[in-house]
Amino acid sequence: MEVRTRFAPSPTGFMHIGNLRTALYAYLYARANGGKFIIRIEDTDQGRYVEGAVDVIFNTLKQAGIDYDEGPGKEKGGYSYVQSERKAIYKQYAEELIRRGGAYYCFCKGRDMTDGGTVKYDKRCLRLSKEEVAERLARGESYVVRQNIPETDGVSSYTDLVYGEISVAYKDMEDAVLLKSDGMPTYNFANVVDDHLMGITHVIRGNEYLSSTPKYNLIYDAFGWERPQYIHLPPIMKDKERKLSKRYGDANFDDFVKKGYLPKAIVNYIALLGWSPKNNDEMLSMEDLIRLFSVDGVNISPAIFDEAKLRWLNASYIKNMSAEEFLGAARPFLDASKVGGKYDYALLAPLLIPRVEVLSEIPSLVDFLEEFGEYDLSLFTHQKMKTDAAVALKALEAALPAIQAMDGWDMTVLHDLLAATAESIGLKKGQMLWSFRIAITGHASTPGGATEMAALLGKEETLRRLAYSIARLKEGL
RNA sequence: GGCCCCUUGGUCAAGCGGUUAAGACAUCGCCCUUUCACGGCGGUUACAUGGGUUCGAAUCCCGUAGGGGUCACCA
């Protein structure tokens with residue numbers, strides 16, 4: 001039988017990392033088994049609907065490289081994949097479930113609360129006579145439909161493909177509302193009906209549904225439908241206690257993209273949170289994931305989101321990029337920095353690629369090209385290079401005229417020139433280059449060596465900064 | 001509180017009765033190097049806890065502790 005999985009988000013705002021992972025696993029499971037991946041929008045809560053949220057979901061999936069076979073915009077079965085458009089279907093099935101004894105009309109308004117928590121609904125409307133129900137319905141009284149959990153001592157069990165056998169006793173289940181008084185179904189009902197109607201064979205979702213699944217299975221049973229397989233996923237945590245969630249900020253896919261993480265790296269990382277391949281590989285493309293994904297690699301316990309590891313993966317992806325690919329992704333960040341548009345990006349790219357972990361670091365790495373002056377003279381002191389301000393002054397005063405006399409601006413020539421100058425005044429090449437780099441950048445660490453920085457600055461600016469630094473040194477000594 | 005579930009280094013994560021308990025990130029040290037990176041090499045760090053079962057337990061069973069989930073006309 002063909003495997004069919006689905007991702008069924010509620011359009012309530014942004015695409016959370018946890019949801020994305022659920023979508024990814026459902027997608028991978030379908031693809032790994034030659035099956036179909038379906039998207040269904042669960043918007044039965046009119047109060048929670050957020051304008052534009054559906055677009056966010058589709059944009060995110062697209063950026064993440066997750067495509068789908070059926071869903072909004074790709075209707076296949078002659079029906080909608082948006083639950084709010086399926087209202088009539090749920091009503092029809094609710095009525096059938098009532099006929100089959102799996103549910104009943106309920107006219108109760110509130111419920112009794114005690115301070116020990118909620119008490120189970122007492123099923124009082126189940127005892128209503130057929131006549132009374134018909135009469136109240138005819139009168140137009142508002143009602144809900146409740147699931148009728150057996151009153152016997154039984155248990156409902158199922159085997160989750162990740163967690164193994166789960167059993168819950170009937171007495172621990174409640175007669176949940178299936179159809180709300182506004183005619184919309186609840187998740188409890190819409191899910192079962194749609195998963196069945198859409199032929200879903202494997203239900204993949206967060207483990208918050210682990211203990212309510214037996215209840216849903218009772219609905220399948222009452223209808224005489226075949227139950228699907230279940231794959232419940234452990235949560236992604238912010239720390240040991242807290243789930244990664246919107247409440248704690250920055251857990252949305254878009255936020256990570258804005259911060260300069262590559263979609264491929266994000267997808268790769270979250271694939272590894274809660275699952276691992278047999279072969280231990282960590283850099284995995286979508287094709288690799290599809291090839292390697294299997295449910296026995298899915299982990300059972302929560303995983304804490306570790307941004308440091310995401311950074312590492314992101315950096316690895318960047319290192320594998322060509323200069324062109326890198327600039328394609330990095331250009332917006334370069335444009336937004338102080339050097340925006342002013343330097344030869346092609347010269348910057350190879351210097352940045354091994355140094356950038358997250359694209360948003362780019363400005364802090366290159367801004368010194370535009371910002372220069374008033375740096376700390378102690379930067380000239382370097383133990384290992386045997387340099388200090390006095391050595392630097394000597395080196396720079398010899399270098400300045402030599403560079404002025406240079407024809408053109410060739411870095412090989414400059415390098416040799418500096419080396420020769422150093423030798424002529426009894427200094428080591430390293431002493432010259434260290435001093436020179438500090439003098440033209442004013443920074444202890446720069447994205448490249450002395451000549452690379454000089455190349456970026458150009459001859460004129462290099463000479464200007466050199467002259468400035470010599471003056472600073474003189475006044476400092 | 002009832003019910004369901006979870007527990008290997010700081011983090012991810014192999015492991016499914018016999019291993020010197022993998023690997024990765026992070027961290028520390030060394031090497032490379034005209035800085036910083038990259039890269040290379042090496043080190044530190046783990047089976048929550050108490051009982052069983054067994055010749056033998058990270059692996060099986062029970063309890064304890066800690067944590068999560070759920071108990072809505074939200075999903």
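Reader: What makes helix 3, strand 3 and helix 4 part of the account of the second largest pocket?

Author: Helix 3 (87-99), strand 3 (103-106) and helix 4 (130-138) each supply at least two residues of its lining. Such elements are DSSP runs numbered from the N terminus (helices: H or I, at least four residues; strands: E, at least two). This is a predicted model, in which local features need pLDDT of at least 70, side-chain atom pairs count only at pLDDT 80 or more, and totals for chains, interfaces and linings use all residues. Residues are numbered from 1 along each chain as its sequence is written, chains are lettered from A and ligands numbered from 1 in the order written, and side-chain values use heavy atoms, without hydrogens and water.

Reader: Why is this space called a pocket, and what is its volume?

Author: On a 1 Å grid over the protein atoms alone, a pocket is an open set of points with protein on both sides within 12 Å along at least five of seven lines, whereas a cavity is a set where a 1.4 Å probe fits but cannot get out. The second largest pocket has a volume of about 330 Å³. Of its 14 lining residues, those closest to the centre are Ile98, Tyr104, Tyr105, Lys130 and Val133; a lining residue has an atom within 4 Å of a point.

Reader: What makes strand 6 a partner of strand 3 and of strand 9?

Author: Two strands pair if DSSP finds at least two bridges between them. Strand 3 and strand 6 are joined by four bridges and run antiparallel; Cys106 stands opposite Val144. Strand 6 and strand 9 (residues 177-179), also antiparallel, have two bridges, and Arg146 has Val177 as its bridge partner. Both cases therefore meet the criterion.

Reader: What makes the approach of Lys180 to RNA strand B a polar contact?

Author: The term requires a pair of N or O atoms within 3.5 Å. A polar side-chain atom of Lys180 lies 2.7 Å from a phosphate oxygen of RNA strand B, so the pair qualifies. A backbone N or O atom of Gly274 is 3.1 Å from a phosphate oxygen, while an N or O atom in the side chain of Asn280 is 3.3 Å from a base nitrogen.

Terms used: Points joined across faces, edges and corners; volume = space filled by probe spheres on them. Polar contact = N/O pair within 3.5 Å; in protein donor to acceptor, adjacent residues only side chain to side chain.
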